[in-house]
Amino acid sequence: LASDYPGITLEVVADEGFANIVEQGFDAGIRLGEDLHNDMRAVRLTPDLRFAIVATPDYFQRHGEPTHPQDLLQ
């Protein structure tokens with residue numbers, strides 16, 4: 001609980017880029033995937049994530065079934 005740690009302020013920033021958290025003044029960061037700068041350390045927070053594409057049969061009939069996430073941009 002926040003009341004247990006009154007001296008700590010939590011700031012949450014969401015960024016889709018590959019930010020250098022040290023250069024930007026952050027103490028920690030959470031990243032999806034395995035890309036890290038050479039001098040960074042990582043600790044797994046979750047099991048592997050699974051993604052699913054869900055749509056109606058009519059949608060797939062009209063647009064085809066995507067085989068890659070990039071296909072969803074069309």
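The largest pocket holds about 1500 Å³ of space. A pocket is an open set of points on a 1 Å grid over the protein atoms alone, where a 1.4 Å probe fits, with protein on both sides within 12 Å along at least five of seven lines. Its volume is the space filled by probe spheres set on the points, which are joined across faces, edges and corners. Lining residues have an atom within 4 Å of a point. Here 36 residues line the largest pocket, and G29, I30, R31, L32 and L45 are the closest to its centre. Rolling a probe the size of a water molecule over the atoms shows where empty space is left.

The model is predicted: local features need pLDDT of at least 70, side-chain atom pairs count only at pLDDT 80 or more, and totals for chains, interfaces and linings use all residues. Residues are numbered from 1 along each chain as its sequence is written, and side-chain values use heavy atoms, with hydrogens and water left out.

What classes of residue make up the lining of the largest pocket? There are 20 nonpolar, seven polar and nine charged residues. Nonpolar covers Ala, Val, Leu, Ile, Met, Phe, Trp, Tyr, Cys and Pro; charged covers Asp, Glu, Lys and Arg; the others, Gly among them, are polar.

Now take the whole protein. Its secondary structure comes to one helix and zero strands. Helices (H or I, at least four residues) and strands (E, at least two) are DSSP runs, numbered from the N terminus. The radius of gyration is 19 Å, well over the 11 Å that the globule rule gives for 74 residues, so the protein is more spread out than a compact globule. That radius is taken over C-alpha atoms, and the rule is 2.2 Å times the number of residues to the power 0.38. Along its principal axes the C-alpha trace spans about 55 × 35 × 20 Å. Buried residues make up 4% of the 74 residues. Buried means under 20% relative accessible area, exposed over 50%, and partly exposed in between (1.4 Å probe, protein chains only).

Start in the segment before helix 1, where N38 is found. N38 is exposed, because its relative accessibility is 81%. N38 and A28 are 10 residues apart in sequence and 15 Å apart in space, C-alpha to C-alpha. I53 is also in the segment before helix 1. I53 counts as partly exposed at 41% relative accessibility. From I53 to D39 is 14 residues in sequence and 35 Å in space, C-alpha to C-alpha.

Next come the salt bridges. A salt bridge is a side-chain nitrogen of Lys or Arg within 4 Å of a carboxyl oxygen of Asp or Glu. By this rule there are two. D48 pairs with R44, with the closest N and O atoms 3.2 Å apart. Both D48 and R44 are exposed. D58 pairs with R62, and here the closest N and O atoms are 3.0 Å apart. D58 and R62 are four residues apart in helix 1, so about one helical turn separates them. D58 is partly exposed at 41% relative accessibility, while R62 is exposed, with a relative accessible area of 54%.

Aromatic rings follow. A pair of aromatic rings is described by the distance of the centres and the angle of the planes. Rings of Phe, Tyr and Trp (its six-membered ring) pair if their centres lie within 6.5 Å; planes under 30 degrees apart count as stacked, over 60 as edge-to-face and the rest as tilted. The count comes to one aromatic pair. The rings of Y59 and F60 have centres 6.1 Å apart and planes at 75 degrees, so this pair is edge-to-face. Y59 is partly exposed, at 31% relative accessibility.

E65 lies in the segment after helix 1 (57–63). E65 is exposed, with a relative accessible area of 63%. E65 and A55 are 10 residues apart in sequence and 9.3 Å apart in space, C-alpha to C-alpha.
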